[in-house]
Amino acid sequence: MASIIDIKEECALQVRNFDFTYKGASAPSLKKVSMPIAKHSVTALIGPSGCGKTTLLRSFNRMHDLYPGNKYEGEIEFEGRNILDPKEDLIHLRTKIGMIFQKPTAFPMSIYDNVAYGMRLQGIKNKTELDGRVEKALQDAAIWKEVSDRLKHDANGLSGGQQQRLCIARAIAVEPEVLLFDEPTSALDPISTQGIEKLVIELKERVSIIIVTHNMQQAARVSDYTGFMYLGDLVELGHTEELFVTPKEKLTQEYITGKFG
Amino acid sequence: MTAVQKRIIINRLALAFSTLSAIIALAFLFWILGVLVMKGMSALNWNIFIYEGSPPGYAESGLKHALVGQLILVSLATVIGVPLGIMAGTYLSEYGKNSKLAHTIRDISDIMMSAPSIVIGAFVYAVVVMPMGHFSAWAGAIALAIIMIPVILRTTDDMLQLVPGTLREAAFALGAPKYKVIIDVVYRGAKAGILTGVLLGIARVGGETAPLLFTSFNDNFFTTDLNEAMPSLTVTMFNYAISPYDDWQQLGWAAAFILSMFILGLNIIGRLILLAGKRK
């Protein structure tokens, strides 16, 4: 019954028959989800609370593995392999698929060290290289002008919106292929939200982006594709404009017109 | 009298009684501190820091032996107890979490925190002093470390758990291995709290007498040999205070004053660090 669009362009990720069950739960939270994620575009996941959109997002970098007992079934293909394979190197995977969280997560260290953290983990020690890449990442995250004169200051002194852009800089500094955004603006004011949305659109030139959002207008503004999820099912995936203007599923239409949710 | 008037009267009575109780409790504290400061200050002089213990009646007698002994014992206990306490606390918060083993360790640690310190002294006497055949600074330091561990373990556990889970997830999401997440992010976030726990742990053992009575024992002479009995401020204070000699009793007051100021200072610094951490 689900209406899933067939994406002609190259895909960054392919989800096939994916089931996810939380530890101790009797029923799976995601049921037979199949969807393509187009490369160098923004895919938004929308749906009411508890529909499984964040659960799906956190499966792409195997974040659920931090809490033992959760179960994956099916397949998520990335760079020609199934990343749900128990033998998957999670450290490598997470450098390729980065994540931005709902609340800004600036580490308790300086602005510079925050951005350099991921690169240092990969063993980059050369000061000139680090300096260059930190500056580039901060510029790409549109925060360089605000922080260039206080790189050694504590990152927790920044505003929420600045911290969120710092987290984006930190994530893109390691040059991932995919970036996962988990409601990245729900803790921010409208001006900061606008800044982050602009950034998301700019970044898709280089990375494939999946964004979970509660805000349907946000999905409409930033995404190329939108998936509507409900009770653990992917109900519909389509071009964003088509999904919002002429949804194929009745449930999607009811949700986007505000009949429930 | 209306019901409201009655309630107002009861309210005032309760307020008056609880205020009075608080004043009485505090009065004793200030009484003790007042006597300590008056008697201790008048007994203080430079000789105390220059000379070691001597038989009663000698002018050139001091507390150098006990001051240095106290520092050695507490430092040694800190070196043994702090790493163990922090590592055990790290296990509980980052690895054990809500497992059965972790809960058992937490419960045992809480019981240990309220165990009578003389029992720990007796335990160390049986497992360290007896096999060695004599009292030693090592035995005293081990006894103090055992008392210190549960305090540091608990604060470390609590403080690490206060670090938001999303911060850990963010570090994992950048491809950090677990030990890196703990060292780079979790410890950094809980730095002030852990330091406070360490200072409070040191303050907790700094004033202990009972566990030293039959471990490091006491001595009236200056020594830095860890394999020998070692004088401490607390046991020296105890011995001098119950002696019938006036000059020894004076030294006892001085020892009490110095020790109290040291512990008070540690407590105040610990709290200030915690406050500064919270304000940020």
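Start in chain B of this predicted model and select the contact between its two domains: six residues of domain 1 of chain B touch seven residues of domain 2 of chain B. On the domain 1 side of chain B, color by class; four of the residues that touch domain 2 are nonpolar, one is polar and one is charged.

Next, color chain B by domain. Domain 1 of chain B covers 3-43, and domain 2 of chain B covers 49-279. Taken over C-alpha atoms, the centres of these two domains of chain B are 31 Å apart.

Now select residues 191-206 of chain B, which form helix α9. This helix of chain B has 16 residues, and 23 Å lie between its first C-alpha and its last, close to the expected 22 Å. Among the buried residues are Ile194(B), Val198(B), Leu199(B), Ile202(B) and Val205(B). Buried glycines of α9(B) include Gly193(B), Gly197(B) and Gly201(B), and Arg204(B) is also one of the buried residues.

Finally, show chain A together with chain B and select the contact between them. Chain B puts in 15 residues and chain A puts in 19 residues. On the side of chain B that touches chain A, the elements giving two or more residues are α7 (165-173) and α8 (178-189) of chain B. Colored by class, the side of chain B that touches chain A shows nine nonpolar, three polar and three charged residues.

Note on methods: Residues numbered from 1 in each chain as written. Chains lettered and ligands numbered in written order. Predicted model: local features only at pLDDT ≥ 70, side-chain atom pairs only at ≥ 80, totals over all residues. Helix = DSSP H or I, 4+ residues; strand = E, 2+ residues; numbered from the N terminus. Nonpolar A, V, L, I, M, F, W, Y, C, P; charged D, E, K, R; others polar. Expected span 1.5 Å × (residues − 1). Buried ≥ 20, exposed ≤ 12 C-beta atoms within 10 Å, placed from the backbone. Domains from an automatic or database assignment.
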